[in-house]
Amino acid sequence: MKITNYATVLFILLLLSINSFSQTNEKKEISNYLDKTIGEEILNINNGKIHLDPYNLKNGNTNYLNKNFVNGSVFYDNQLYENILIKYDIYKDQLVKSFENNSAFGITLINKKTDYFLIENRRFINIDNKYKFPKVITGFFEEKYLGKNISLYIKHFKTAKETIIETTLYTEFKEYSDYQLLYNSKFIAVNTQKEILTAFPQLKKEIKEYYKKNKIPEETNPYQFKADLIKFIDNNL
């Protein structure tokens with residue numbers, strides 16, 4: 001890479017770090033300029049595209065699992081990379097790798113090359129790469145429970161609502177979850193008690209009793225409650 005190009009990148013990163021560019025259109029222009037300036041050399045090394053966050057947030061809810069880069073591991077392009085800085089963009093369903101440990105600049109990794117990643121003691125797998133049989137779900141799923149008969153996966157996703165205040169476009173994100181159960185080589189939605197009872201009618205009495213005894217965990221920690229429920233069902237099949 002030419003020194004002049006690298007210096008230009010550092011200069012732009014410095015501007016980004018002090019929030020000189022806050023408007024969405026300006027950020028997109030910077031991204032386009034970086035693509036052109038850096039060229040294929042950096043992109044090929046990182047095997048992904050330049051990532052810049054174009055959103056002005058209306059509140060503290062971001063498009064990420066965690067807005068900051070955190071230490072994690074990625075199995076990418078048939079190779080395991082450990083102790084690297086990453087963050088998961090839930091809204092776009094993309095994994096972002098920090099570029100040279102810079103908190104304001106990253107590389108969006110290619111989904112089809114990403115088999116799984118570990119972040120904040122949670123494991124996310126690329127459902128398209130792990131399971132080749134026909135299915136209606138796609139993308140990254142949190143691998144919450146792996147059992148002998150059934151397994152539970154959680155799809156975290158966010159919706160975005162845009163509002164204009166004066167001349168600035170703001171985005172507000174809200175997070176939701178979709179619980180998917182792998183049973184007999186088929187994925188089944190298990191978001192409600194009714195859906196779970198439909199999937200396992202032979203355990204109707206036991207499942208209803210489990211819900212009655214665990215109302216507090218269901219409200220306070222729904223992810224773990226659902227994992228424990230699936231484990232309970234798995235042990236009783």
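Modeller: Before we start, one definition: two strands count as paired if at least two bridges are found between them. Keep that in mind as we go through this predicted model.

Biologist: Gladly. Over how many bridges do strand 6 and strand 7 pair?

Modeller: Strand 6, residues 114-119, and strand 7, residues 122-126, are joined by 4 bridges in the antiparallel sense. To see the pairing in the structure, look for Ile 119, which faces Arg 122 of strand 7.

Biologist: And in what order do the strands of the sheet lie?

Modeller: Sheet order follows who pairs with whom, so read it from the bridges. Here 11 strands make an open sheet, in the order 1-5-4-3-2-6-7-8-9-10-11, with antiparallel pairing. At the edges are strand 1 (48-51) and strand 11 (187-189), each pairing on one side only. From one strand to the next, the twist averages 40 degrees.

Biologist: Which strands does helix 7 lie across?

Modeller: Helix 7, residues 222-236, lies across strand 7, strand 8 (140-146), strand 9 (150-165) and strand 10 (168-183). Its direction is at about 155 degrees to strand 9. In total the protein has 7 helices and 11 strands.

Biologist: Now the inside. How should I read a nonpolar core?

Modeller: The general idea is that in soluble globular proteins, nonpolar side chains tend to be buried together. In this protein, 43% of the 237 residues count as buried. The largest nonpolar core has 21 residues, and Ile 196, Phe 200, Ile 207 and Ile 233 touch the most other members.

Biologist: Which elements give two or more residues to this core?

Modeller: They are strand 9, strand 10, helix 4 (193-199), helix 5 (204-213) and helix 7. Helix 7 gives the most, with 5 residues.

Biologist: What is the mean pLDDT of the protein?

Modeller: The mean is 84, and 80% of the residues reach 70 or more. Residues 1-11, however, have pLDDT below 50, and this stretch has 10 contacts in the model beyond near neighbours in sequence. Residues 17-24 also stay under 50, with 14 contacts beyond four places in sequence.

Conventions
Residues are numbered from 1 along each chain as its sequence is written. Side-chain values use heavy atoms; hydrogens and water are left out. Buried means under 20% relative accessible area, exposed over 50%, partly exposed in between (1.4 Å probe, protein chains only). pLDDT is the predictor's confidence in each residue, from 0 to 100. Contact means heavy atoms within 4.5 Å. Axes are lines fitted to C-alpha atoms, for helices over the stretch in contact, and angles run from 0 to 180 degrees between N-to-C directions. A nonpolar core is a set of buried Ala, Val, Leu, Ile, Met, Phe, Trp, Tyr and Cys residues joined through side-chain atoms within 4.5 Å.
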